[in-house]
Amino acid sequence: MSNHVPNEARVISLRPPGARPQAARPATAPPHRRPPARAVKEPLWRDLVGDVLRRERLAQERTLKDVADEARISMPYLSEVERGRKEASSEVLAAAAHALGLSLGDLLSRAQGELIRVTSRYSGGSRRAASPSSSEGLCMAA
């Protein structure tokens, strides 16, 4: 017969060390802070850029194949970029933008404007308003 305590070696705690269940907290503990009811994740940059590319392509009534061929990138990859599934390089973004008659700066500026518009909706306008053409703002490192 083994002299180790049953189940003790098999118990794996899922709580961080020192954490206690909610019911075991003393009455003097501060109440648990809840996140705001409308906690919404900020959009990812790749989603914003993809949305701008897709909107511009559709506004020009062009097919995914047409733009991908002109940009010299694969159609499935451009589709993934438009859907925000791929983090495209600056070279790929520039090629897609040029195929749509935009510069890379135009594409990024439009994505920045979209970011400002979307995030100001969730912050209640508490951030300082900025326009996409302001000299402050966009800084992108690759």
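**Exercise 1.** Among contacts in the protein between residues at least 6 apart in sequence, what percentage join residues at least 24 apart?

*Solution.* Start with the ground rules: this is a predicted model, where local features need pLDDT of at least 70, side-chain atom pairs count only at pLDDT 80 or more, and totals for chains, interfaces and linings use all residues. Residues are numbered from 1 along each chain as its sequence is written, and side-chain values use heavy atoms, with hydrogens and water left out. Now take contacts (heavy atoms within 4.5 Å) between residues at least 6 apart: 61% of them link residues at least 24 apart.

**Exercise 2.** Find the buried residues of helix α4.

*Solution.* Helices here are DSSP runs of H or I, at least four residues, numbered from the N terminus. α4 covers residues 90-99. Apply the cut-off for buried, under 20% relative accessible area with a 1.4 Å probe, protein chains only. That picks out Val92, Leu93, Ala94, Ala96, Ala97 and Ala99. Across the 142 residues of the protein, 25% pass that test.

**Exercise 3.** Work out how α2 and α4 are oriented to each other.

*Solution.* First, get the angle: the axes of α2 (residues 64-71) and α4 come within 8 Å and cross at roughly 120 degrees. Axes are lines fitted to C-alpha atoms over the stretch in contact, with angles from 0 to 180 degrees between N-to-C directions. Next, classify: under 35 degrees is roughly parallel, over 145 roughly antiparallel, 65 to 115 roughly perpendicular and the rest oblique. So α2 and α4 are oblique to each other. Finally, list who touches: Val67, Glu70 and Ala71 from α2 meet Ala95, Ala96, His98 and Ala99 from α4.

Conventions:
Buried means under 20% relative accessible area, exposed over 50%, partly exposed in between (1.4 Å probe, protein chains only). Helices (H or I, at least four residues) and strands (E, at least two) are DSSP runs, numbered from the N terminus.
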